[in-house]
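Please read these notes with the sequence and the structure open. They are numbered by topic.

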Amino acid sequence: MVDSIAVGGGDGQLRNVEYILLAEFDIDRGAILKHQYPRPTGADDSYVEKQAELMLPDGAHARESDWTMFFLNQKAPDESGKVAADGLPLLYVLNLVRTKHDKEVRRGAIVKAMAVCTRHRFIHIYQAILMLALENYYRAPTEDTLAELYKSANQMDLACMPQLSRHETTILRFSDDQNMFEERFMQLENERKLLDSLVRDSERLDLAQDSTLAELAASDDAGVAARRGTVSDVSASRMRAPSTRNKDRRFFDTEIVYSGVKLPIRVPMTVYPEEIGDFSLIQLLTTFGGSLPATSGSKNTHPHLESSGQYTHPIILLMNGLLTQKRIIFLGHGKPAGEVANYVLAAVALGSGGGGVLRGFANRAFPYTNLTNLDTLLSFSGYIAGVTNPAFEEHPEWWDLLCNINTGKITVSPALLMPTGGGGHAKSQTESLRRSLDSVSLSRNRSFSSREGKPDKWNNLDTDFIQDLMLAIERHYGEVAIRAKVENYVRHFMSLVPLYEYERDGLTRLGDPAHIAAAEKTGVDGYCISPGDKESREREIGFYQNRIEGFIGTQAYDNAVADYQSMHASSFIRGIDIAHMVYCLRNSTNLDVNEVEAIYKHLDEQVVTDEQVTELLASLPQSQGGLQPLAYGFYHPSLAIRLYTVRLFEKIEGNQAGARYVRSTNFFHQCAFSNLRHAFAC
């Protein structure tokens, strides 16, 4: 979902940028935070010193410029490991540090850093204005320079940017139509034009009233004609639709005017809650996605991390560490701090499912940190941090996973303890389940992999995912497509968690136990829609059991429970699992006629209103075929299924976004829809 337009300040006003920070290096005092504009951030004195150190990263003097990122108002867990849900909002800080060499000063260089603090997750839009402002500060090192930056950034106009719902954001994110939700933009733009015209008319009236009667009488004829012409022009402009040519509605175009310079700004409209800045997930995957297995400092494999033993793929090892809330360090010795920070932001997106499935990773992320911030870092369980100091590698007690950017290797800390609390029983239970699954697999196809003679199913759950990712990268898929694959993978994992909880405890906090029990009996109400689907899910639960056990109780798990409860209360479609039904129509091959008819009947009954259609479309991204899974119903031998499909498509066509979906479907699907609709109407 798109960020709120601005942050509420202490005076009740709305702002794009909350604070401007200025730090510099003093040869006698070290790094100091010289300015906090327009007011202090509220941090205590000890953390103010740490902020200055974060703004002036290690090795900044050796580079002309560097970027760093850090966050304000992060919430450390309490003694029970829980994180408070209330409190100040998380602020994202984008910092630019620049070194200017000058032989006339001590040490021959002047190092200064400037940062903006904002609630907007798309913090990269402020890069251009930061570069200009810091350059101006070198010429005029006064608070007035910060005031000008603050004023310009907060005058950026976002009034015509639509506030999309979560489902609308998902639809737009994966849309093939760059004019999706064009009507929402046009409505706000027309309202803005109307308001501007009214303001202009009001100003003209004020000027006319201030004129003398003689001047008014002398210019009466010309004034009337001018006003008529103005009204005519305004009326004509209202009748003309604004030009949308070459406009990509996945972005909102605006500008910032700073020191007389107009800076074009493109605000992304499809940012997920855990996507921060302009990072590259592809870079993370290619750096650590090599063929070499991950290294471990321990002889024993950790059940939460090394799901395939010593052959666990490095990306899966990292994914396991993120989902089970392990302490993760990204070390880039000699690398720019900005490059290291991008790896951390990419890891946040990886663990959260492309930024859109789970929450809580950003709160424990430290895109750049150093030794002065070590006590704060260690107060967070399961932090994700970026560092450039190799001293961290020498202290494995500080971390659980160390990702070396220079070598592309991931190391498991030898100091990492094995999980406690019934771990032995769970392990024996898991081994028993895996042995039984092995026997089932062997009796069916006698298929073996080349690694240790294990059945293929030992590796194919994660290996298929990794191979799909790497193949997509080789074929030059874009960031959105790669993140979508990660999102589907994490979303599929999350669908297994409530089933595991229900099988283990008879209840779950991430689903409705009554629906799970009903699905076991009727086979049409959600989680286990067919015997084949149920069998495959039981196999996957056995494979991921250790990861699920490590995930339960984490901050991400607690947030998922809260999100499930809020989404369940606010969802427009009740009583069925839309995402799972779409998944079955797209992937299942062993559904009988009654099960298919039950799916289409449920969809026809539950999807009625415009909001419900939007919620359905969010589960049918255009980049993954759009309405293709539903369109198969046009060709089904069952008359009832064909009727349900036509009725469903008619509802979809009545939705603004749905109409674009229907127009983008295959020509033969459109013909089938038209013919069947005409036939049923007759």
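Which residue forms a salt bridge with Arg98? Glu135 does, and the closest N and O atoms of the pair are 2.9 Å apart. A salt bridge here is a side-chain nitrogen of Lys or Arg within 4 Å of a carboxyl oxygen of Asp or Glu.

1. Basis. This is a predicted model, in which local features need pLDDT of at least 70, side-chain atom pairs count only at pLDDT 80 or more, and totals for chains, interfaces and linings use all residues. Residues are numbered from 1 along each chain as its sequence is written, and side-chain values use heavy atoms, with hydrogens and water left out.

2. The Glu135 pair. Helices (H or I, at least four residues) and strands (E, at least two) are DSSP runs, numbered from the N terminus. Arg98 is buried at 13% relative accessible area, while Glu135 is partly exposed at 23%. Buried means under 20% relative accessible area, exposed over 50%, and partly exposed in between (1.4 Å probe, protein chains only).

3. Lys112. This residue sits in strand β7 (residues 109–118) and is buried, with a relative accessible area of 12%. Beyond its neighbours within four places in sequence, Lys112 has contacts (heavy atoms within 4.5 Å) that include Arg98, Glu24, Leu134 and Tyr138.

4. Other salt bridges. The whole structure holds 29 salt bridges. In one of them, Lys82 meets Asp558 at 2.9 Å, N to O. Lys82 is in the loop between β5 (65–72) and β6 (91–101) and Asp558 in helix α18 (residues 555–570), so this pair ties together parts 476 residues apart in sequence. Lys82 is partly exposed, at 37%. Another pair is Arg249 and Glu189, at 3.5 Å, N to O. Arg249 is in the loop between α7 (220–239) and β8 (251–258), and Glu189 is in helix α5 (residues 182–210). Arg249 is buried at 4%, and Glu189 is buried at 16%.

5. Cysteines. There are zero disulfides (pairs of cysteine sulfur atoms within 2.5 Å) in the structure. Cys117 is buried, with a relative accessible area of 0%, whereas Cys671 is partly exposed at 27%.

6. The chain as a whole. The chain has 25 helices and 15 strands, and buried residues make up 49% of its 682 residues. Of the contacts with a separation of 6 or more, 68% join residues 24 or more positions apart.
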